[in-house]
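These are my notebook entries on one structure.

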Amino acid sequence: MQDVLRIRRARADEGPTLAAQLTDLCRRSKAHWGYDPELLDRWAGDLAITVDDIDRDVVLVAELGDGDDATRPRIAGFARISRGVGTHIDHPAPARLNDLWVEPDDIGTGVGSALFEASCEVARTLPADQMLVVADPNAEGFYVRMGARRIGEEASEMVDGRRLPILLIDLHRPAPGATPVTSG
Ligand SMILES: CC(C)(COP(=O)(O)OP(=O)(O)OC[C@H]1O[C@@H](n2cnc3c(N)ncnc32)[C@H](O)[C@@H]1OP(=O)(O)O)[C@@H](O)C(=O)NCCC(=O)NCCS
């Protein structure tokens, strides 16, 4: 039977167990790009998901299972979205996509785009019109494919000379792959 992908919101009562599972997933997923284990150790603080993160932000968990309630699904990825700072009622600040990680074995199977679209849906309800992500350079092509545009870059605090692309997503853009509406 084919696995079914389900995306759900993390619950506050899952706190420490889920935080530990997601932290491990971040490291495995980041390692997909071939970074040195020593560098991954240095990034450990940035790659950690805390109980506070789960309480404060919206964490979306992507699970793969056979659809049978009796069988426990496995986590294939997750995303974390937070409210932008400095929201004004007429111009809500951009939401932030703080995390988007897929299990290495599931990369390239559509989990990332499903989580990304679900994150956009969450961000719209915050409310926000735009969503910002400071991305791993290897993931920039993915975000651009999802409709993001690069608006700048920032220096990595940990690695000299490393630049991180800053990407902005218009939350009212047509979904990638949608047929453009033409006139005339
Ligand atoms: C980036 C990431 C989330 C993408 O998830 P994914 O499940 O592989 O993405 P999908 O399979 O849904 O791909 C959706 C589309 O994006 C494209 N795509 C995926 N990764 C890409 C990349 N790195 N560069 C360019 N295009 C990419 C796919 O080819 C696909 O295109 P299509 O619709 O034309 O077929 C995943 O590679 C990942 O978790 N990487 C490691 C951790 C990481 O860097 N996270 C982001 C931190 S900012």
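The entries below follow that order.

Entry 1, the model. I noted at the outset that this is a predicted model.

I looked up the shell around the ligand and found 20 residues, of which V102, G112, S113, G141 and F142 come nearest. I then asked which elements give two or more residues to this shell; they are α1 (15–31), β4 (95–102), α4 (111–124) and α5 (140–145). By type, I recorded 8 nonpolar, 9 polar and 3 charged residues in the shell.

I turned to α1, which has 17 residues. Its span from first to last C-alpha is 24 Å, close to the expected 24 Å at 1.5 Å a residue. Which of its residues are buried? I listed L18, A19, L22, L25 and S29. Viewed down the axis of α1, these buried residues fall within an arc of 130 degrees, so they line one face of the helix. On the face turned away from the buried side I found the exposed residues P16 and T17. The buried residues of α1 pack against α3 (51–56), β3 (74–82) and β4.

I looked up the largest nonpolar core and recorded 36 residues. Those with the most contacts inside this core include L60, F78 and L115. Among the elements that give two or more residues to the core are α1, β3 and β4, while α4 gives the most, with 6 residues.

Setting aside neighbours within four places in sequence, I found F78 in contact with L22, L25, V59, L60, V61, A62, D99 and W101.

Note on methods: Residues numbered from 1 in each chain as written. Predicted model: local features only at pLDDT ≥ 70, side-chain atom pairs only at ≥ 80, totals over all residues. Near = placed C-beta within 6 Å. Helix = DSSP H or I, 4+ residues; strand = E, 2+ residues; numbered from the N terminus. Nonpolar A, V, L, I, M, F, W, Y, C, P; charged D, E, K, R; others polar. Expected span 1.5 Å × (residues − 1). Buried ≥ 20, exposed ≤ 12 C-beta atoms within 10 Å, placed from the backbone. Arc of directions from axis to C-beta. Contact = placed C-beta atoms within 7 Å. Core = buried A, V, L, I, M, F, W, Y, C linked by C-beta atoms within 7 Å.
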